[in-house]
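This report looks at a few local features of one protein chain. Please keep the sequence and the 3D view at hand while reading.

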Amino acid sequence: MEKLYYSIINGMQQGPFTLEELLKRGITRDTPLWTEGMVDWLPASGIPEVARHLTYRQTPPPSYEAQIRYGEITNEDRGVCPPTYLVWSVLMTLFCCWFLGIFAIINSAGVQSAYRRGDYELAQRKSKTALTLTIIGAIVGFVFSVIYFIFFFIVGASNALFDTLSTF
């Protein structure tokens, strides 16, 4: 009489199956099995008569998301988080162009959350957008400062000239 095995597949106990039926069901080396005479469940690789048929089969690797979730892939494996430019965004908002600075802060704040969710492309886009807005804001602020100082100098010089000429 052929041995019958019980298995746990997708969290459910199934069986009894012959060894041939088990192999057709696509068991892996880690599939828990039990047969009469065993004290407890063992992985298929722990039962010699089953393991010898599984040598050519390998357990598929877990998905990338599962590897991240269970800590098998760390930040070093998936790359460094893109820069947030949050400090520059805040400084630009305070000292320069608040209307661009607010959008830069929103993008800066979204970089790390997108990175932690595993959406690396979005994190890169948010980082680039924050940098672009910060640079544009700094340029606009510089241009307005130059215009202000030129205007102040011209108006101040013309007032001084006018005061000088009016004394004659």
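Is Tyr85 buried, partly exposed or exposed? The model is a predicted one, and in it Tyr85 has a relative accessibility of 25%, so Tyr85 counts as partly exposed. The limits behind this are 20%, under which a residue is buried, and 50%, over which a residue is exposed. Tyr85 sits in the loop between α4 (75-78) and α5. Its backbone is also of note: Tyr85 is not a glycine, yet its phi is positive, at about 60 degrees. Most residues other than glycine have a negative phi, and most peptide bonds are trans.

Gly15 and Pro16 are joined by a cis peptide bond, with omega at about 10 degrees. Pro16 is part of strand β2 (residues 12-17).

**Two helices in contact**

Helix α5 covers residues 86-95 and helix α6 covers residues 98-117; their axes come within 8 Å and cross at roughly 160 degrees. An angle over 145 degrees counts as roughly antiparallel, and α5 and α6 are therefore roughly antiparallel to each other. The crossing of α5 past α6 is left-handed. On the α5 side the contact is made by Leu86, Ser89, Val90, Met92 and Thr93, and on the α6 side by Trp98, Leu100, Gly101, Ile102, Ala104, Ile105 and Ser108. Sorted by class, the residues of this contact are 8 nonpolar and 4 polar, with no charged ones.

**Aromatic rings**

A pair of aromatic rings is described by the distance of the centres and the angle of the planes. Searching the whole structure gives 5 aromatic pairs. The table lists two pairs.

| Pair | Centre to centre | Angle between planes | Type |
|---|---|---|---|
| Trp98 and Phe99 | 6.1 Å | 85 degrees | edge-to-face |
| Tyr148 and Phe152 | 6.3 Å | 15 degrees | stacked |

Why is the pair of Tyr148 and Phe152 stacked? Planes under 30 degrees apart count as stacked, and the planes of Tyr148 and Phe152 are at 15 degrees, so this pair is stacked. Tyr148 and Phe152 are 4 residues apart in helix α7 (residues 120-166), which means that about one helical turn separates them. Both Tyr148 and Phe152 are exposed. Together with Phe149, Tyr148 and Phe152 form one aromatic cluster.

Terms used
Residues numbered from 1 in each chain as written. Predicted model: local features only at pLDDT ≥ 70, side-chain atom pairs only at ≥ 80, totals over all residues. Heavy atoms only, no water. Axes fitted to C-alpha atoms, helices over the stretch in contact; angles between N-to-C directions. Parallel < 35°, antiparallel > 145°, perpendicular 65-115°, else oblique. Left-handed = near helix turned anticlockwise from the far one by under 90°. Contact = heavy atoms within 4.5 Å. Nonpolar A, V, L, I, M, F, W, Y, C, P; charged D, E, K, R; others polar. Phe/Tyr/Trp six-rings, centres within 6.5 Å; stacked < 30°, edge-to-face > 60°. Buried < 20%, exposed > 50% of the residue type's maximum accessible area, 1.4 Å probe, protein only.
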